[in-house]
Amino acid sequence: MAETVEVPRSLVASYARGFGEEGRAWIAGLPALAAELLDRWGLERDGAAQSGEASLVLPVLREHGTRAVLKLQMPRQETTAALIGLRAWNGEGMVRLLDHDPESSAMLLERLDTARTLASVEDDDVATGVLAELLARLVSVPAPP
């Protein structure tokens, strides 16, 4: 039996506000889409659903226990652009794209360690160095067309 995915109210409100009836329809189908992708990719839920203004993010475990996140966002031009960038950087200074469903624009992404934020670095020089190294990695990859 597929696990029910509860969509955070803030995401429901964001889609109703930003996309009207199209957004409400997409949100209504989101639990079924999430359940289908969890099953198809052999994922196990590993924490509470999270969301921002545009995406539902589900912490998951892959078949061999690898931590990842399933990101679901209504297909739009910006979602396609994000996929192009993720493929170009391929984990170099950016989260790694592990899998993608072209029909729904769903992404399976490497899960980052949210306990290790740059804000936790007390020395500003060290924090600036981390940012500089990250920027160097990002600009070392040629921009996609």
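Q: Let's begin with Met 74: is it buried or exposed?
A: Met 74 counts as buried, because its relative accessibility is 4%. Buried here means under 20% relative accessible area, exposed means over 50%, and partly exposed is in between, with a 1.4 Å probe and protein chains only.

Q: Before I go on, what kind of model is this, and how are things numbered?
A: It is a predicted model, where local features need pLDDT of at least 70, side-chain atom pairs count only at pLDDT 80 or more, and totals for chains, interfaces and linings use all residues. Residues are numbered from 1 along each chain as its sequence is written, and side-chain values use heavy atoms, with hydrogens and water left out.

Q: Thanks! Where does Met 74 sit?
A: Met 74 is in the loop between strand S4 (67–73) and helix H2 (77–89). Helices (H or I, at least four residues) and strands (E, at least two) are DSSP runs, numbered from the N terminus.

Q: And which residues does Met 74 touch, leaving aside neighbours within four places in sequence?
A: Those are Tyr 15, Phe 19, Glu 22, Trp 26 and Thr 79. Contact means heavy atoms within 4.5 Å.

Q: What else can you say about Thr 79, starting with where it is found?
A: Thr 79 is found in helix H2 and counts as buried, because its relative accessibility is 1%. Again leaving out neighbours within four places, Thr 79 is in contact with Gln 73, Met 74, Ser 105 and Met 107.

Q: Ser 105 is on that list. Where is Ser 105 placed?
A: Ser 105 is in the loop between S5 and S6. At 6% relative accessibility, Ser 105 counts as buried. Its phi is near 70°, a positive value in a residue other than glycine.

Q: What is the phi of Asn 90?
A: Asn 90 has a positive phi of about 45° although it is not a glycine. Asn 90 lies in the loop between H2 and strand S5 (97–101) and is partly exposed, with a relative accessible area of 46%.

Q: Switching topic: what about the largest nonpolar core?
A: The largest nonpolar core has 22 residues, and those with the most contacts inside it are Leu 30, Leu 58, Val 60, Leu 70 and Leu 72. Helix H1 (9–40), strand S3 (55–61), S4 and strand S6 (106–110) each supply at least two of its residues, and H1 gives the most, with 9. A nonpolar core is a set of buried Ala, Val, Leu, Ile, Met, Phe, Trp, Tyr and Cys residues joined through side-chain atoms within 4.5 Å.

Q: Which residues are in the other core?
A: That core lies apart from the largest one and has 7 residues, among them Val 69, Leu 97, Met 107 and Leu 109.

Q: Last one: what is the overall layout, from the N terminus on?
A: The elements run α-β-β-β-β-α-β-β-α, which comes to 3 helices and 6 strands. The C-alpha trace spans about 50 × 35 × 30 Å along its principal axes, and buried residues make up 33% of the 145 residues.
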